[in-house]
Amino acid sequence: SYLEDQDQWWMAGLHREVFVEARSPIGIEDIRIDSGIDVDTVRSGTASGHLNVQVRIAKDSKGQPPKGFQVRWHLEDASGQQIGDARVCAVASDTSAYVFAGITATDSWSPGRMNLWSAETPNLYRVIVTLVDASGHDLETVCVRTGFRSVEVQDRSLLINGKRVIIRGVNRHDHS
């Protein structure tokens, strides 16, 4: 069934591919990768990148955070070559006074000169994240693709990687 609207259809039910997966009670719950380029390095032509990685870990069935767990991660280019050394960060429980942010592992790194992402040259890198238990066994590995770019507004112009971009488009809703 569908409901016709002014500029799109509203469809009931599932109209996209859906899948269900079974997962271990303790595992990687969410990964947030913030990657970017220092704007000044884009202008100078060196394009120095930075990465912030935050991994949220699921609690065990008793609601307890896992003890002695670590997160190991590394960056790879499109050909699978590892960039820099693998990084390891401890899993910690955030117990701030007002909000429980969860059980997380966070790390920041500047890998140096990176190939820039844009619509014309979509250079993507892979961040490989592995959850390691207290005895050193790999429990789960997840790959997240990311690109390095800078986005800024300067003199009423949208700049991506220091270049002016003009966006032309309409309110468009694709369906079949």
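Colleague: Let's start with L159. Which strand is L159 found in?

Modeller: Helices (H or I, at least four residues) and strands (E, at least two) are DSSP runs, numbered from the N terminus. L159 belongs to strand β12, which covers residues 157-160. Keep in mind that this is a predicted model, where local features need pLDDT of at least 70 and side-chain atom pairs count only at pLDDT 80 or more, while totals for chains, interfaces and linings use all residues. Residues are numbered from 1 along each chain as its sequence is written, and side-chain values use heavy atoms, with hydrogens and water left out.

Colleague: Is L159 buried or exposed?

Modeller: The cut-offs first: buried means under 20% relative accessible area, exposed over 50%, and partly exposed in between (1.4 Å probe, protein chains only). L159 has a relative accessible area of 8%, so it counts as buried.

Colleague: And what is L159 in contact with?

Modeller: A contact is heavy atoms within 4.5 Å. Leaving aside neighbours within four places in sequence, L159 is in contact with S150, V151, E152, Q154 and R164.

Colleague: How do I read the sheet that holds β12? In what order do its strands come?

Modeller: Strands of a sheet pair through backbone hydrogen bonds, either parallel or antiparallel. The working rule is that two strands pair if DSSP finds at least two bridges between them. Here 3 strands make an open sheet, ordered β11-β12-β13, with antiparallel pairing. β11 and β13 (163-165) are at the edges with a single partner strand each, so one side of each has no neighbour in the sheet. From one strand to the next, the twist averages 45°; axes are lines fitted to C-alpha atoms, for helices over the stretch in contact, and angles run from 0 to 180 degrees between N-to-C directions.

Colleague: How many bridges join β12 to β13?

Modeller: There are 3 bridges between those antiparallel strands. As for a specific position, I160 stands opposite K163 in β13.

Colleague: Now the sheet of 4 strands. What is its order?

Modeller: That open sheet reads β6-β5-β9-β10, with antiparallel pairing. β6 (82-90) and β10 are the edge strands, each pairing on one side only. Neighbouring strands are turned by 15° against each other on average, direction ignored.

Colleague: Over how many bridges do β5 and β6 pair?

Modeller: They pair over 6 bridges, in the antiparallel sense. Q70 has A90 in β6 as its bridge partner, and E76 stands opposite Q82 in β6. Their hairpin has 5 residues between the strands, and G80 takes a positive phi near 90° there.

Colleague: What about β9 and β10: how many bridges do they pair over?

Modeller: That antiparallel pair has 8 bridges, with V144 in β10 as the bridge partner of V127. Their hairpin has 5 residues between the strands, and G136 takes a positive phi near 95°.

Colleague: On to side chains. How many aromatic pairs are there?

Modeller: Rings of Phe, Tyr and Trp (its six-membered ring) pair if their centres lie within 6.5 Å; planes under 30 degrees apart count as stacked, over 60 as edge-to-face and the rest as tilted. This rule gives 2 aromatic pairs. W73 and W109 form an edge-to-face one, at 6.1 Å centre to centre with 75° between the planes. W73 sits in strand β5 (residues 70-76) and W109 in strand β8 (residues 102-113), so the pair ties together parts 36 residues apart in sequence. Both W73 and W109 are buried.

Y125 and F148 also pair edge-to-face, at 5.3 Å centre to centre and 80° between the planes. Y125 lies in strand β9 (residues 125-132) and F148 in the loop between β10 (138-146) and β11 (151-154), so this pair links parts 23 residues apart in sequence. Y125 is buried, with a relative accessible area of 6%, and F148 is buried at 0%.

Colleague: Last one: where is confidence lowest and where is it highest in the protein chain?

Modeller: pLDDT is the predictor's confidence in each residue, from 0 to 100. The protein chain averages 84, and 86% of the residues score at least 70. Strand β1 (residues 2-4) has the lowest mean, 66, and β9 the highest, 96.
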